[in-house]
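Welcome! Let's go through this structure together, one question at a time.

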Amino acid sequence: MLVAGIDVGNSTTEVAVARVEPGREPSWLFVGRCPTTGTKGSVECVHGIAELLSRAERRVGARPALGLLAELHPVQTDLLEFGRMEELALGRTAIARPVSQTPSGFGVGAGRLTTLEDLAGPPAHGDVIAVVAGADFDAAAARLRDARERGWSIAAVIVEDDDGVLIGNRFDRSMPIVDEVADAGRLPFGASAAVEVAEAGGSVTVLSDPLRLGLLLGFDAEEARAARVAARAVAGSRAAIVVRTASPAPGARPDVNGAVLLVGADGAERRLDEGAEPPAPGQIAAIRGPAGDRDQLLDLVWRPLPSPAEDPGFARRLARRRAVAIAVLARGESGDLVTALSELCPKGARVVARESDAAMQGAATTPGAGRAPFILDLGGGTVDLHRATGAVCTAGGGDLVTRICASLLGSQPALAERAKRHRSARVETPFTLHHEDGSRSFLGEPAPPDTLARLCALDGKRLVALPTALAPEVWGRLRREAKRQVLGFNVRRAMDAAGGAPRGELVLLVGGCATDEEVLDVVAADLEGQDLAVARANVLGRHGPRAAVAVGLVLTFARGGGR
Amino acid sequence: MREPLVLALVSDAATGAALALGFEEEGVPVTVAPAEGAAEALARTAAERAVLGLGIGGDGNRVALVLAGCPGRAYLTAPADDARALGCDAARSAARRPLKQT
């Protein structure tokens, strides 16, 4: 009979098809994979499975009669930024942000926001900040010169378009002028504001100082917190603006209660402490708050974003966000999926094994491995340790690493997934690449214009531009640290929860993450202290660390299990 | 006399002025000189002379940037109306900053 072992992972669904006859080893006909469609274990997964079964049918010439599944427990990942809530608090008191790639002049200017039209009238008392929006740079510079000659005291200029240097060169080269302020025309005219431009390579020092900022813009004691948040928002940038908007009504305080609550297995509730380490698997039963409400938890893990010591500006901006990546593993209910799947296979579908047992059986087909005592399954949602006495499952795998990478890069998850898997290089000139180890290499053809001066992932021969200005050395370290923080961390947690391992033993790695050389390095390094040898599985002698569970499900069935 | 860091050879003054604005905003020096010919051919000639190997050509219809290291084809092109934007990106190529066009 033709059977299909179906492994529905958090990110990837794999299928192994074999002909199974009593008394004989299965003959393997097809192994395939595709991204999982929907939450693991939900009925939406059937679409991905149907696609793989059709592919198998085209290759093998017949549809598998029976579908075999494992028990499915889904993982959800999230990224919370506790720092964002402080920015919302700022929203009613001030606008504060870095601006401008090509500012002009240097220094600090503070005053009331004033339009060019107003500057054409009689001069007002006190300093002003001129706002140029929708005007030609030549005309704007002329009007600024004229206004100053008639007695206006212009302390700084804010420009909507990328004309800062052009205006500065025609008006006043030393005056702080910031540009590329897209909503300059909608700023609150008449309000107090401050502009600062640091020298090239430097960062603002006055606007990033909450005390001096507060004095400059007249924040009173009640608004001291707003001054602190505004100062933090612009620290580390070369040019910035802070605009004081209308004060909030007395007594109106924005709600910043965003605490995540963890409910222990003993029923006790406590707040999630980002600085603390997550407890061992099984100790947290439920979660409440901004990450959603979930019950029946098997494990919960949180990890901070890795921080680069060598890039203090970036480290500071990261620290300000107070971002925490969270993975939640909950007990699953896949009855609907089994029912839907039964309609795809003539003899139906059934759950035949725990993932743990299937993974061990599949991994044991690695030539030379014998029956390895420990299997580490590094998957998209979890890191699982499988051994004869059972499994330890920890929440947080490849998907959590992707989420952290996306947050560090400021990119979409799909791009982060590619960046995660490859080394990077900066396209220094159209013909030279600056690699993560500091070396340079040379291109025969110029790099595409959209990659110039950008950090790019090296995906085969393709340069994939990444939306970050990090140096390649720094990004390489952060990427490896993200893998260590999630996968290395969970390998240790799983080992500890299993009571450690006998020294000198072999650990076999399976799962999508195990195809990544950097992950192998990270895991091997973390297991060094435990005197364990680490090897990558090679399922059926040809699939590498992939398809262990799918193959294992077929083997379980063939050997009489699960009937 | 030393050759310019970046050279632009253009057939009309307005295009030359627009290119120069793009360079000025980016803080990169450029020398603009009059010449007749097709944009790409002018850019190629300019690239051979420019110290940084960056040459721009403009013929009233189009502007083009050619790299001395790959003279066979233009690295960037644009309609003459977008000369300032191409000037900005050409300057960014020299200053090793990401281009704006993407």
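Q: What is the mean pLDDT of chain B, and how many of its residues reach 70 or more?

A: Chain B has a mean pLDDT of 94, and 98% of its residues reach 70 or more. Here pLDDT is the predictor's confidence in each residue, from 0 to 100. This is a predicted model, in which local features need pLDDT of at least 70 and side-chain atom pairs count only at pLDDT 80 or more, while totals for chains, interfaces and linings use all residues. Residues are numbered from 1 along each chain as its sequence is written, chains are lettered from A and ligands numbered from 1 in the order in which they are written, and side-chain values use heavy atoms, with hydrogens and water left out.

Q: What ipTM and pTM does the predictor give the complex?

A: The complex receives an ipTM of 0.91 and a pTM of 0.87 from the predictor.

Q: How many residues of chain A are in contact with chain B?

A: Contact means heavy atoms within 4.5 Å. By that rule, 26 residues of chain A are in contact with 20 residues of chain B.

Q: What area do chain A and chain B bury between them?

A: Buried area is the accessible area (1.4 Å probe) that two parts lose on being put together, summed over both. For chain A and chain B the value is about 1900 Å², with 54% of it on carbon and sulfur atoms. In chain A, D162(A), P449(A) and L452(A) lose the most area to chain B, together 25% of what that side buries.

Q: Why is the pair E445(A) and R73(B) called a salt bridge?

A: The term asks for a side-chain nitrogen of Lys or Arg within 4 Å of a carboxyl oxygen of Asp or Glu. The side chains of E445(A) and R73(B) meet at 2.9 Å, N to O, so the pair qualifies. Across the interface of chain A and chain B, the rule finds four salt bridges.
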